[in-house]
Amino acid sequence: MKDTVLDILEDLTGSDEVRNDLDIDIFETGLLDSMGTVQMLLELQAQCGVDVPVSEFERTEWNTPNKIIAKVESMQ
Amino acid sequence: MLNMQPYQDPTYFVLLAIGLLPIMVGLLYGRRFRVYETIISFLFLLLTFGGVKWQQGVALIGYIIFELLLIYGYLAYRKRKNASWIFNLTVILSILPLVIVKIAPVMNNGRESIIGFLGISYLTFKAVGMIMEIRDGIIKEVGLSEVVHFLLFFPTISSGPIDRYRRFLGDYKKVPARDKYLALLDKAMWYIFLGFVYKFLLAYLFGVVMLPKISALALAHGGWSWWVIAYMYTYSMDLFFDFAGYSLFAVGISYIMGIQTPMNFNKPFIAKNIKDFWNRWHMTLSFWFRDYIYMRLVFFMMKKKLLKSRIAIANVGYLTLFLIMGFWHGVTWYYIVYGLYHAVAINLCDMWLRFKKRHKEKIPHNKFTEALAIFITFNVVCFSFLIFSGFLNTLFFA
């Protein structure tokens, strides 16, 4: 599951930095923007079965690969 | 009866200091005096919406009742069902007073609507945000006292910053630990002091001292001139220091009341591109539009596959966002052009960022390119403010 999330992130950001540094801030660094966020939420729904409504999403809680993995794990 | 608009007058601050003192003492000793807080909030609201502005007061009361009915009505409905058309209808009803207030002057020869009142936009954003979170199932219950305190939170009622229900409630229900509250007071003092410098010194200098003179010179010259450029920069500085000053007051007073209202500005003029700019300028508004309009629209379009290209979806998303923002400022040609201008700017910015990503190695990146980026962004933004100011209307069409 962790790999699935990282695959999704790597695909969306077009960068393997999300694999190398699991604490990188994907928004500060411009790796992901709002559009990418929406895509990520849709992919997480499709591939990991977690349903995250847009208003549940808060940047400060999802801004690193580690945080995203933790969130997905907690929702499964 | 006396009427005072928030933060315009040093006397207002004296009244705040007196009124908030018991609250400060309470919080220092780990207690919220909720009854006192409610009374003092009511008095400050009365101060702003009473006296000569009593019609606004009536409009405000009517509006709050209307929005509360919608919120509780939708909440009750949502407990059982979740049809989209009910949600859409509720949102439309919720923004209807604001839409009426924005359109009325266009229909009535410039006369303002009687249902309008100071802060109607910001209250509407708060209410609509709640309705959307009820739809998403994130908000499952709403306490009456809590929602009233949230919507009518007096430090931010006139022009924000725009807070969100769950975040506000988190602060409101708790009492900060003493050392945390002392830190908040410390920041509050600094913010209020900085707000004074911004609003009563710098905005005064740019907006009251310099701007009228530059305006007169530009109008005397007529058409395009260096005076118009001077107007552009002066107006931009005035706009920033005035609004940032106000926001600092609102946040500072919130902090004194133990509520960490989010900040509105973060050094916007050092933004490296227009996307960065909108993460620094009027942040609570920008993020509200991003979260409640852009992301929901993009989510909907992607899920229903309305357009094939994700780039097209992003473009349409931004166009919608900024057009709404333009219209929200007013149904006037220069506000709408302002919206369109930013929509085009941010879509071009996205194009540039995609290009940069693909050609990372070939594009230089150093102190000079960064300075150039900041310079370009600053000017793109200032020109948008020139449009926003309506001065071009005065210059060319009046």
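1. The two chains meet in an interface where eleven residues of chain A are in contact with 17 residues of chain B, two residues being in contact if their C-beta atoms, placed from the backbone, lie within 7 Å. On the side of chain A that touches chain B, the residues divide into five nonpolar, five polar and one charged; here Ala, Val, Leu, Ile, Met, Phe, Trp, Tyr, Cys and Pro count as nonpolar, Asp, Glu, Lys and Arg as charged, and the others, Gly among them, as polar.

2. Please keep in mind that this is a predicted model, in which local features need pLDDT of at least 70 and side-chain atom pairs count only at pLDDT 80 or more, while totals for chains, interfaces and linings use all residues. Residues are numbered from 1 along each chain as its sequence is written, and chains are lettered from A and ligands numbered from 1 in the order in which they are written. The model scores ipTM 0.94 and pTM 0.96. For chain B the mean pLDDT is 96, with 100% of its residues at 70 or more, where pLDDT is the predictor's confidence in each residue, from 0 to 100.

3. Chain A has five helices and zero strands, so that its elements read α-α-α-α-α from the N terminus on; helices (H or I, at least four residues) and strands (E, at least two) are DSSP runs, numbered from the N terminus. A compact globule of 76 residues would have a radius of gyration near 11 Å, and chain A agrees with this because its own value is 11 Å. That radius is taken over C-alpha atoms, and the globule rule is 2.2 Å times the number of residues to the power 0.38. Along the principal axes, the C-alpha trace of chain A spans about 25 × 25 × 15 Å.

4. Of the 76 residues in chain A, 29% are buried, a residue being buried if 20 or more other C-beta atoms lie within 10 Å of its own, exposed if 12 or fewer, and partly exposed in between, with C-beta atoms placed from the backbone. Among the contacts in chain A with a separation of 6 or more, 59% are between residues 24 or more positions apart.

5. Helix α3 of chain A, residues 34-48, deserves a careful look. This helix has 15 residues and reaches 20 Å from its first C-alpha to its last, close to the 21 Å expected at 1.5 Å a residue, the expected span being 1.5 Å times one less than the number of residues. Its buried residues are Ser34(A), Met35(A), Thr37(A), Val38(A), Met40(A), Leu41(A) and Leu44(A). What covers them includes α1 (2-13) and α5 (65-75) of chain A, together with α11 and α12 of chain B. After α3(A) comes Gly49(A), with a positive phi near 70 degrees.

6. Chain B has 15 helices and zero strands. Its radius of gyration is 22 Å, which agrees with the value near 21 Å that a compact globule of 398 residues would have. Taken along the principal axes, the C-alpha atoms of chain B fill a box of roughly 60 × 55 × 50 Å. Buried residues make up 37% of chain B, and among its contacts between residues at least 6 apart in sequence, 69% join residues at least 24 apart.

7. The domain assignment of chain B gives domain 1 (10-175), domain 2 (179-256) and domain 3 (268-396), with bounds that come from an automatic or database domain assignment. The centres of domain 1 of chain B and domain 2 of chain B, taken over C-alpha atoms, are separated by 26 Å. Ten residues of domain 1 of chain B are in contact with eight residues of domain 2 of chain B, and the side of domain 1 of chain B that touches domain 2 of chain B holds seven nonpolar, three polar and no charged residues.

8. Most residues other than glycine have a negative phi, and most peptide bonds are trans. Tyr7(B), in the segment before α1 (10-28) of chain B, has a positive phi of about 65 degrees although it is not a glycine, and Tyr7(B) counts as buried because it has 24 C-beta neighbours inside 10 Å. Lys305(B), in the loop between α11 (283-303) and α12 (310-329) of chain B, has a positive phi near 50 degrees, but Lys305(B) counts as exposed, with 8 C-beta neighbours inside 10 Å. The peptide bond from Gly160(B) to Pro161(B) is cis, with omega near 0 degrees, and Pro161(B) is found in the loop between α6 (144-151) and α7 (165-173) of chain B.
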